[in-house]
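Dear colleague,

I am handing over the structure we spoke about, and below it I have set out what came up when I went through it. Please read the notes with the model open beside them.

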Amino acid sequence: MSNRPKRRRLPKPKGPRPKKREPGKPIEGEQECQIPSCKNFADKSLGGRAISRDSAGEVWSGLNVGKGRIRVCRTHYKEWKKERTDDHDRDYW
Ligand SMILES: [Zn+2]
């Protein structure tokens with residue numbers, strides 16, 4: 001597998017669209033991170049990911065493991081990824 005991350009280009013919306021967030025307003029997400037005690041959003045646009053519930057249970061105890069996927073925020077995804085790839089990473093040194 002290639003290590004080079006591919007940059008995905010998103011099509012730009014047509015027309016002028018000032019991207020300004022209203023001050024004081026938090027980013028509104030729709031998907032909540034499903035790690036207990038986490039209040040971040042797990043929307044794709046915010047860096048969230050869906051990971052399998054099973055593998056999430058290996059990283060965070062206290063999760064209900066089972067079938068399906070859970071959505072996690074960016075922070076938790078990174079954490080999860082790190083946990084999962086720690087062993088492999090050593091092979092690359
Ligand atoms: Zn989270």
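The accessible surface of the chain comes to about 9000 Å², and 47% of that area belongs to carbon and sulfur atoms; the areas come from the Shrake-Rupley method with a 1.4 Å probe, and for residues only the protein chains shown count as cover. Please keep in mind that this is a predicted model, in which local features need pLDDT of at least 70 and side-chain atom pairs count only at pLDDT 80 or more, whereas totals for chains, interfaces and linings use all residues. Residues are numbered from 1 along each chain as its sequence is written, and side-chain values use heavy atoms, with hydrogens and water left out.

Of the 93 residues in the chain, 20% are buried, where buried means under 20% relative accessible area, exposed means over 50%, and partly exposed covers what lies in between (1.4 Å probe, protein chains only). The chain has two helices and two strands, which follow one another along the sequence in the pattern β-α-β-α; helices (H or I, at least four residues) and strands (E, at least two) are DSSP runs, numbered from the N terminus. Among the contacts with a separation of 6 or more, 43% are between residues 24 or more positions apart, a contact being heavy atoms within 4.5 Å.

The zinc site

The zinc ion is coordinated by Cys33 (SG), Cys38 (SG), Cys73 (SG) and His76 (ND1), at 1.8 to 2.3 Å. Donors here are N, O and S atoms within 2.8 Å of the metal (3.2 Å for Na, K and Ca), and since water is not among the atoms, sites may look incomplete. The four donor atoms subtend angles of 102 to 113° around the zinc ion, which makes the arrangement tetrahedral. For four donors that label requires all angles to lie between 85 and 135 degrees, and the ideal angle for four tetrahedral donors is 109.5 degrees.

In sequence the donor residues are spaced C-x4-C-x34-C-x2-H. Cys33 lies in the segment before S1 and His76 in helix H2, so this pair ties together parts of the chain that are 43 residues apart in sequence. Both Cys33 and His76 are buried, with His76 at 12% relative accessibility. Leaving aside residues up to four places away in sequence, His76 touches Cys33, Ile35, Cys38 and Trp60.

Two further residues in the segment before S1 may interest you. Ser37, which belongs to that segment, has a positive phi of about 75° although it is not a glycine, and at 78% relative accessibility Ser37 counts as exposed.

The salt bridge and the helices

The structure holds one salt bridge, taken as a side-chain nitrogen of Lys or Arg within 4 Å of a carboxyl oxygen of Asp or Glu. Glu58 and Arg84 form it, their closest N and O atoms being 3.3 Å apart. The pair links distant parts of the chain, since Glu58 is in helix H1 (residues 53-59) and Arg84 is in helix H2 (residues 74-91), 26 residues apart. Glu58 counts as exposed at 60% relative accessibility, while Arg84 is partly exposed, with a relative accessible area of 37%.

Helix H2 also holds Glu79, which is partly exposed with a relative accessible area of 37%. The C-alpha atoms of Glu79 and Val59 are separated by 8.4 Å, and the two residues are 20 residues apart along the chain.

Around Ser52

Ser52 lies in strand S1 (residues 49-52) and counts as partly exposed, at 27% relative accessibility. Its side chain makes a polar contact with the side chain of Ser55 (2.8 Å), a polar contact being a pair of N or O atoms within 3.5 Å, where within protein one must be able to donate a hydrogen and the other to accept it, and residues adjacent in sequence count only if both atoms are side-chain atoms. Not counting residues up to four places away in sequence, Ser52 touches Gly68 and Arg69; Ser52 and Gly68 are 16 residues apart in sequence and 6.0 Å apart in space, C-alpha to C-alpha.

Methods:
Tetrahedral: all angles 85-135°; square planar, octahedral: opposite > 155°, others 65-115°.
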